[in-house]
Amino acid sequence: MVSQGHMQAALAEARAAAGRGEVPVGAVVVAPSGAVVARAGNRTRELNDPTAHAEILAIRMACAAVGSERLPGHALYVTLEPCAMCAAAVAAARIARLCYGADDPKSGGVAHGARVFAHPQCHHVPEVYDGIGAIEAETLLTSFFAARRGS
């Protein structure tokens with residue numbers, strides 16, 4: 001049910017984001033058939049858009065690809081625990097499974113912080129799988145921010 005290969009594709013998007021000077025987060029949307037429908041990395045700086053998180057971009061591309069605002073049966077693989085904005089987008093898109101790598105105690109919206117899926121106002125709650133590729137995702141993030149700080 002959970003694919004390491006799909007998380008590796010998300011990690012490749014995260015590495016590409018880091019190469020563009022973006023926070024290294026990557027996301028992949030997978031159809032019920034197992035085919036990758038969309039993939040994206042953060043582009044907030046490049047697009048001057050605070051909503052251009054990897055998850056949002058991948059969800060937008062997947063919705064366009066399938067011709068619907070909803071993605072039932074689809075899975076979203078993302079390298080970092082989604083923030084509240086991205087978790088709300090996952091719920092709105094009716095994504096069936098959310099698989100993420102590293103926890104985000106500072107800005108997460110799933111297991112930390114807002115805990116979007118725990119709210120009664122959340123009309124759809126995906127299956128959530130955490131810790132998938134977490135070590136690689138954490139290492140990528142830690143290295144990125146250490147290099148930015150010059151340490």
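At 44% relative accessibility, Arg-115 counts as partly exposed, a class lying between buried (under 20% relative accessible area) and exposed (over 50%), computed with a 1.4 Å probe on protein chains only. Arg-115 sits in the loop between E4 and E5, where helices (H or I, at least four residues) and strands (E, at least two) are DSSP runs numbered from the N terminus. Although Arg-115 is not a glycine, its phi is positive, at about 45°. Arg-94 is partly exposed, with a relative accessible area of 26%.

The model is predicted: local features need pLDDT of at least 70 and side-chain atom pairs count only at pLDDT 80 or more, while totals for chains, interfaces and linings use all residues. Residues are numbered from 1 along each chain as its sequence is written, and side-chain values use heavy atoms, with hydrogens and water left out.

Turning to the sheet, five strands form an open arrangement in the order E2-E1-E3-E4-E5, with mixed pairing; two strands pair if DSSP finds at least two bridges between them. E2 and strand E5 (127–129) are at the edges with a single partner strand each, so one side of each has no neighbour in the sheet. E3 and E4 pair in the parallel sense over five bridges, and Ala-75 stands opposite Arg-97 in E4.

Helix H1 (residues 4–19) comes next. The buried residues of H1 include His-6, Met-7, Leu-11 and Glu-13. These buried residues of H1 pack against strands E1 (26–30), E2 (36–41), E3 (75–80) and E4 (97–102), and against helix H5 (134–149), contact meaning heavy atoms within 4.5 Å. Just after H1, Gly-21 takes a positive phi of about 85°.

Finally, there is the interior. In soluble globular proteins, nonpolar side chains tend to be buried together. Here the largest nonpolar core has 44 residues, of which Ile-59, Leu-71, Leu-76, Tyr-77 and Phe-117 touch the most other members. Such a core is a set of buried Ala, Val, Leu, Ile, Met, Phe, Trp, Tyr and Cys residues joined through side-chain atoms within 4.5 Å. H3 gives the largest share of this core, seven residues. Leaving aside neighbours within four places in sequence, the contacts of Leu-71 include Val-29, Ile-59 and Arg-94.
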